[in-house]
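Good morning, and thank you for making time for this item.

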Amino acid sequence: MTQPELSQPDRAPSAGPGRPCPYGNVPETIQPYGTAPGANPPGGPPAVPPAGYGYRPAPVMRPVVDVGDAWRWAWAQLKSQPLLLAPMPLWIAVGFAVGLTGINVIQEMPDVDNGWGVVFVPVMFLLFGFGLLIQTRASLVVASGRRLRVRHLVTLPNAVRSVVVFYLCGILQLAGGATVALGVLAAYFFLFATRGALARRLGVFKAIGRSCALMGSGSAITLALAVWGLYVLSLLTIIGWIVLWPVADLMITYAYVQLAGPPDDSTAPPTDR
């Protein structure tokens, strides 16, 4: 470099032998490093990465569900829509009515001695489970931004699959309860299963698999522990059960929406097998 060029630092040195492009400002016609491996050809489809170049998609980072936000949202919804308190008491009352009616009918049969075990307990078991599903359906309606109506307390979307998912997960949890660890794991990984069937119209195994995938991210561990604590507290008093159970269900729905997106409000029939 000549002395005049050194005395004028703001001036780019001229091109010359050994300096084809001052300061690396390469003209558009020059590609000093060649085309990057795997680059898309001009005007063509995306190129496949060549052998030896590993490609891994970026991992999906799911947000960690904030228990405090879930709690505040659940209480706000419960205060603005008190009908959320109705599903469980409603269906337990229906279960009592149907069960007692069945006992009166069974008592007229001479060959049946235990009407409670034959009729009442199975009826209560089935309708209590249906009440839990209706409670979840109600929380999904609220999470979608709609007003909860009486019709939502007596109908289920994707009904057959939702019922099968609910009772299958319940049976697996009871079976896993033989060893406490398996029961807890089943309850944890199946936490969103019925919501997948109700909100996304998923098939039985698809809903269970989707729940396992969402819970496997570890984003809702703290929330699951908080919800289980509320379930235990709700069993101490009738008033606590009527209030805390819907709150816990709303918190699970809040977590589900945070991780999986808002519920599907469409009335289209299920297509996912």
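Let me begin with a question: is Asn 158 buried or exposed? Asn 158 is buried, at a relative accessible area of 13%; buried means under 20%, exposed over 50%, and partly exposed in between, with a 1.4 Å probe and protein chains only. Before I continue, please note that this is a predicted model, in which local features need pLDDT of at least 70, side-chain atom pairs count only at pLDDT 80 or more, and totals for chains, interfaces and linings use all residues. Residues are numbered from 1 along each chain as its sequence is written, and side-chain values use heavy atoms, with hydrogens and water left out.

Asn 158 sits in the loop between helix H4 (115-143) and helix H5 (159-176); helices here are DSSP runs of H or I, at least four residues long, numbered from the N terminus. Although not a glycine, Asn 158 has a positive phi of about 50 degrees. Arg 201, also not a glycine, has a positive phi of about 60 degrees. Its place is the loop between helix H7 (193-200) and helix H8 (204-216), and Arg 201 counts as buried at 12% relative accessibility.

I turn to the helix contacts. Helix H2 (residues 67-80) packs against helix H9 (residues 221-234) at an angle of about 45 degrees, the axes being 9 Å apart. Axes are lines fitted to C-alpha atoms, for helices over the stretch in contact, and angles run from 0 to 180 degrees between N-to-C directions. H2 is therefore oblique to H9; under 35 degrees counts as roughly parallel, over 145 as roughly antiparallel, 65 to 115 as roughly perpendicular, and the rest as oblique. Val 67, Ala 70 and Trp 71 of H2 meet Thr 222, Leu 223, Ala 226 and Leu 230 of H9, contact meaning heavy atoms within 4.5 Å.

H9 also packs against helix H10 (residues 238-260), where the axes come within 8 Å and cross at roughly 165 degrees. H9 is therefore roughly antiparallel to H10. Among the contact residues are Leu 223 and Leu 230 of H9, and Trp 241 and Trp 245 of H10.

Finally, the cysteines. How many disulfides are there? The count is 0, a disulfide being a pair of cysteine sulfur atoms within 2.5 Å. The sulfur of Cys 169 lies 8.0 Å from its closest cysteine sulfur, that of Cys 212, which is too far for a bond. Cys 169 is buried at 4% relative accessibility, whereas Cys 212 is partly exposed at 26%.

Definitions and conventions:
Helices (H or I, at least four residues) and strands (E, at least two) are DSSP runs, numbered from the N terminus.
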